[in-house]
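Here are a few friendly notes to read alongside the structure. Keep the 3D view open and find each part as you go.

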Amino acid sequence: MWIPIQIDENSAEPLYYQIETQLRSLIINGQIEENTLLPSIREFASGLNCSVITVRRVYQDLEGEGLLRTKQGTGTFVAKVGDSKRETFKRESVEDALGKAVDAGISVQCSEDEIKRLFLDIVTRKYHPEVGKE
């Protein structure tokens with residue numbers, strides 16, 4: 001099974017973190033469905049051109065979060081993800097991204113009002129792209 005993970009070798013984020021966050025997102029968003037058999041650790045590592053140890057860590061972390069389950073001799077499968085876990089993940093990922101955006105604004109000395117205005121402009125453009133094309 002091919003899993004659409006994009007690795008940025010120039011990123012400051014560790015490789016395992018890039019893989020883990022993307023795989024977590026694919027599972028929680030339902031793009032990889034419950035009971036899906038994931039590639040073996042060795043197969044996944046080979047496909048990503050990374051270490052088996054890296055993929056083992058990702059699988060162990062996600063299993064610890066209850067997103068994966070491993071059956072001895074059978075493989076690693078996607079576990080059932082409840083609605084509350086989906087909502088928590090969605091909220092936390094948006095809060096994290098917004099927090100980083102605010103930190104970036106603060107670092108270049110944007111005022112609170114400037115950041116709010118920028119945020120609302122971006123939301124409008126993303127949700128209503130036709131508004132700016134008049």
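This is a predicted model: local features need pLDDT of at least 70, side-chain atom pairs count only at pLDDT 80 or more; totals for chains, interfaces and linings use all residues.

**Notes on the model**

1. The UniProt annotation for residues 13–81, from an unreviewed entry, reads "domain: HTH gntR-type".

2. Next, look at helix H3, which runs through residues 52–64. H3 has 13 residues and reaches 18 Å from its first C-alpha to its last, close to the 18 Å expected at 1.5 Å a residue.

3. Which residues of H3 are buried? They are Thr54, Val55, Val58, Tyr59 and Leu62. These residues cover an arc of only 130° around the axis, so they sit on the same side of H3. On the other side of H3, you will find Ile53 and Gly64 exposed.

4. What do the buried residues of H3 pack against? Their partners are helix H1 (15–28), helix H2 (41–48), E1 and E2.

5. Now for the strands. E1 (residues 68–71) and E2 (residues 75–78) run antiparallel and are joined by four bridges. Lys71 stands opposite Gly75 in E2. The two strands, E1 and E2, form a hairpin with three residues between them, and Gly73 in the turn has a positive phi of about 80°.

6. Finally, the cysteines. Cys50 counts as buried, at 15% relative accessibility, while Cys110 is partly exposed, with a relative accessible area of 26%. A search of the whole structure finds zero disulfides.

Methods. Residues are numbered from 1 along each chain as its sequence is written. Side-chain values use heavy atoms; hydrogens and water are left out. UniProt positions are given in the numbering used here, feature names are shortened, and annotations may be inferred rather than shown by experiment. A disulfide is a pair of cysteine sulfur atoms within 2.5 Å. Buried means under 20% relative accessible area, exposed over 50%, partly exposed in between (1.4 Å probe, protein chains only). Two strands pair if DSSP finds at least two bridges between them. The expected span of a helix is 1.5 Å times one less than its number of residues. The arc is that of the directions from the helix axis to the C-beta atoms. Contact means heavy atoms within 4.5 Å.
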